[in-house]
Amino acid sequence: MSAAPQVKFYQVGSFAAGNRLLGPEAQSDQADPGRSNALTCGHRACQGCGEALGARYALDAAQRAAGGKVIAVNATGCLEVFSTPYPETSWQLPWLHSLFGNAPAVAAGVAAALRAKGRTDVRVVGQGGDGGTVDIGLGCLSGMFERNDDVLYICYDNEAYMNTGVQRSGATPATARTATTQAVGEQPGAPFGQGKSLPLIAMAHEIPYVATATVAGLRDLEAKVHRAMGMRGARYLHVLVPCPLGWGTASHDTVRIARLAEQTGLFPVFEATGGVVTDVTPIRRRVPVEEYLRPQKRYAHLFTPEPRTDVIARLQRVADRNIARFGLLAQEEEVSS
Amino acid sequence: MLKQTEGSRAVAETVAYCRPEVIAAYPISPQTHIVEELSRLVKSGALKPCEYVNVESEFAAMSMCIGASAAGARTYTATASQGLLYMVEALYNASGLGLPIVMTVANRAIGAPINIWNDHSDTMSQRDSGWIQLYARDNQEAADLHPQAFRLAEELSLPVMVCMDGFVLTHAWERIEVPEQTQVDAFLPPYEPRQVLDPDEPVSIGAMVGPDAFTEVRYLAHAKQMQALEAIPRIAEEFREAFGRSSGGLVHPYACEDAETIVVVLGSVFGTVCDVVDEMRERGVRIGALAITSFRPFPLEAVRTVLGGARQVVVLERALAVGIGGIVSANVRTALSGIQLAGHTVVAGLGGRPITKESLHRLFDDAVAGRLEQLTFLDLNTELVERELARMAKTRRSGPSAENILRDVGSNR
């Protein structure tokens with residue numbers, strides 16, 4: 001059974017109701033001084049790296065849920081590069097990196113070997129960035145979903161190829177500037193109508209569990225990892241991890257930016273089982289997309305030299321559509337009524 | 001047990017006796033019968049414990065083998081042609097990570113033009129991938145090479161390809177001595193990985209390596225293949241002792257002791273070549289043949305020893321290195337450096353064109369008479385080629401060559 005609490009936790013911007021006031025069962029995995037610390041400090045991620053934060057919380061939670069018996073398989077990308085500059089490694093769990101586009105298949109291979117050996121106690125987590133997951137690794141990931149291989153695959157989505165110098169991926173949002181979607185021309189940045197939602201693609205495979213999360217909701221992330229680890233078969237977790245370098249944000253703003261992504265509706269946070277949405281994290285304080293876009297240099301061309309209100313309005317419609325599609329405001333309406 | 005069976009089936013049964021724990025495979029002609037039979041053996045419970053995984057591509061097949069092998073399972077797959085090329089990125093990775101995966105390649109041409117028949121273009125393209133490559137002369141050897149391949153792979157922690165000619169061997173029915181389970185068990189101990197993904201003893205595998213250590217790591221890959229030059233004949237000898245027949249090894253010379261002309265080949269054409277050698281010997285021609293079983297590592301010493309005393313060497317290539325000629329020839333030439341000896345490259349049997357005894361007789365007669373060019377395309381229809389070359393010279397839009405040639409072939413009939 002999952003050790004995660006069944007109640008929803010909200011980060012309120014203060015530590016007043018932090019772990020100390022909760023019973024040991026309800027405390028965050030990170031509050032445990034004896035936690036696994038799967039990804040140790042001393043790695044070479046940038047300051048404020050959302051991916052390092054997300055990976056540490058996710059894998060520590062996976063370790064706790066599996067009694068320390070986790071094997072991690074990593075795609076090529078920032079997480080792999082900053083954590084294992086030979087002869088050093090930041091991983092305190094068995095960890096395997098093979099290629100950019102094959103982490104789901106390699107993880108499935110590990111799972112197959114464990115199954116053949118009757119090791120039901122050891123669990124497998126695959127992980128990669130959005131490039132390795134949404135683009136080059138999609139074939140292998142779809143195969144893993146289709147076979148329902150016993151793997152939890154976690155995508156750390158920072159919405160572009162950050163490791164190679166910020167080029168667009170299939171997860172890059174419309175209008176975002178990257179090195180291959182420059183802020184020039186009539187329609188600066190990434191075009192509208194491109195990109196793909198991998199959580200929805202995952203749901204179409206009707207796998208046991210699909211969820212999204214952000215590093216603004218770390219308790220939520222931990223709880224979802226626990227829930228996923230309590231199941232067998234193919235499970236998919238898509239975590240939004242802002243990248244200060246690629247997004248052009250302050251290192252100390254990573255969590256704030258992630259929260260704004262949730263609160264605008266641009267990144268819907270939800271859970272699905274068997275292809276059906278079962279739960280959403282409602283937006284408690286809805287903010288216009290402009291509030292999310294403005295602090296990010298990748299959207300600077302929407303504000304200078306003159307504001308592109310037309311484009312911002314179009315992005316607002318994207319957010320509104322997410323809010324309607326996933327019912328993200330349902331709870332607010334309940335509260336206000 | 002001696003039985004009349006298909007090459008693919010004999011290989012599949014032998015592989016099953018090697019007790020692989022994970023098989024990941026994607027179907028491609030002419031490999032299909034091997035993986036079909038293995039899937040049946042696993043599903044029927046005859047081979048257990050074993051996970052047979054149907055994957056969505058050869059890239060995934062090899063990737064899954066990488067994960068399974070790294071997790072400590074004995075791992076097997078089979079492929080051919082385009083499938084092998086689709087795996088390429090993972091092939092280099094498997095050898096770089098030192099994972100003892102065994103793979104059968106049912107040798108087949110590479111398109112375009114698409115062609116499903118046999119030649120060695122596929123595996124020759126992977127000669128530098130860090131995999132050991134063993135070529136079977138017949139179906140008996142194709143089956144026998146598999147227990148040896150697992151032994152070799154696991155002793156050295158290197159992946160091994162067993163190459164068998166597509167259709168010519170895979171689909172041929174003949175009398176084959178399929179090993180017994182007890183024999184294989186005695187010959188092949190359970191797999192004990194050198195490094196394994198184990199939560200009780202965590203290691204990081206596949207770290208990023210910069211210029212400070214990369215050359216050394218690559219050197220070690222080479223050094224391990226050099227160790228294989230010693231291990232391959234030793235394992236073949238142990239196999240002979242255990243099974244009572246000889247298969248494998250580095251090279252197989254045939255009538256080479258006093259030969260002035262030696263024909264070098266890989267794979268199943270060796271049988272035809274030996275027949276022609278016999279017939280020419282009856283006429284008093286001092287000719288011999290050499291089959292290279294271990295193409296990677298390339299047995300420089302063994303090849304030099306056999307060929308060193310000859311007057312000339314004819315290398316029968318089953319693949320074309322476009323822009324230069326022969327792949328095997330270049331390797332043979334390295335073995336013969338410092339030795340004055342005429343060398344000829346003959347590109348033969350591409351895309352399944354039959355290599356007939358009649359053609360070989362003509363070819364070897366030319367060689368013996370000193371009429372053979374440096375580079376020869378056996379049975380090339382020069383008239384067809386020249387017609388197309390003329391067409392290409394005349395107009396910028398000559399159309400697709402392959403289709404033109406097929407039309408010409410049709411009009412000739």
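1. First, some ground rules. This is a predicted model, in which local features need pLDDT of at least 70 and side-chain atom pairs count only at pLDDT 80 or more, while totals for chains, interfaces and linings use all residues. Residues are numbered from 1 along each chain as its sequence is written, chains are lettered from A and ligands numbered from 1 in the order in which they are written, and side-chain values use heavy atoms, with hydrogens and water left out.

2. Let's start where the chains touch. In contact (heavy atoms within 4.5 Å) are 36 residues of chain B and 37 residues of chain A. Together the two chains bury about 2,800 Å², 63% of it on carbon and sulfur atoms; buried area is the accessible area (1.4 Å probe) that two parts lose on being put together, summed over both. On the chain B side, E56(B), P199(B) and M208(B) lose the most area to chain A, together 19% of what that side buries.

3. Four salt bridges (a side-chain nitrogen of Lys or Arg within 4 Å of a carboxyl oxygen of Asp or Glu) cross this interface. One to look up joins the side chains of R115(A) and E51(B), at 2.9 Å from N to O.

4. Which elements of chain B give two or more residues to the side that touches chain A? They are β3 (51-54), α3 (58-70), α5 (88-96) and β9 (204-205); helices (H or I, at least four residues) and strands (E, at least two) are DSSP runs, numbered from the N terminus. The most comes from α3(B), with eight residues.

5. Strands also pair between the chains (DSSP must find at least two bridges between them). Strand β2 of chain A, residues 95-97, pairs with β9(B) in the parallel sense over two bridges, and W95(A) stands opposite S204(B).

6. Within chain B, seven strands form an open, mixed sheet in the order β3-β2-β4-β5-β7-β6-β13. β3 and β13 (294-296) stand at the edges with a single partner strand each, so one side of each is left without a neighbour in the sheet. β5 (residues 102-107) and β7 (residues 160-165) of chain B pair in the parallel sense over six bridges, with D165(B) as the bridge partner of N107(B).

7. Finally, helix α9 of chain B (residues 214-243) lies across β6 (132-135) and β13, running at about 35° to β6(B). Axes here are lines fitted to C-alpha atoms, for helices over the stretch in contact, and angles run from 0 to 180 degrees between N-to-C directions.
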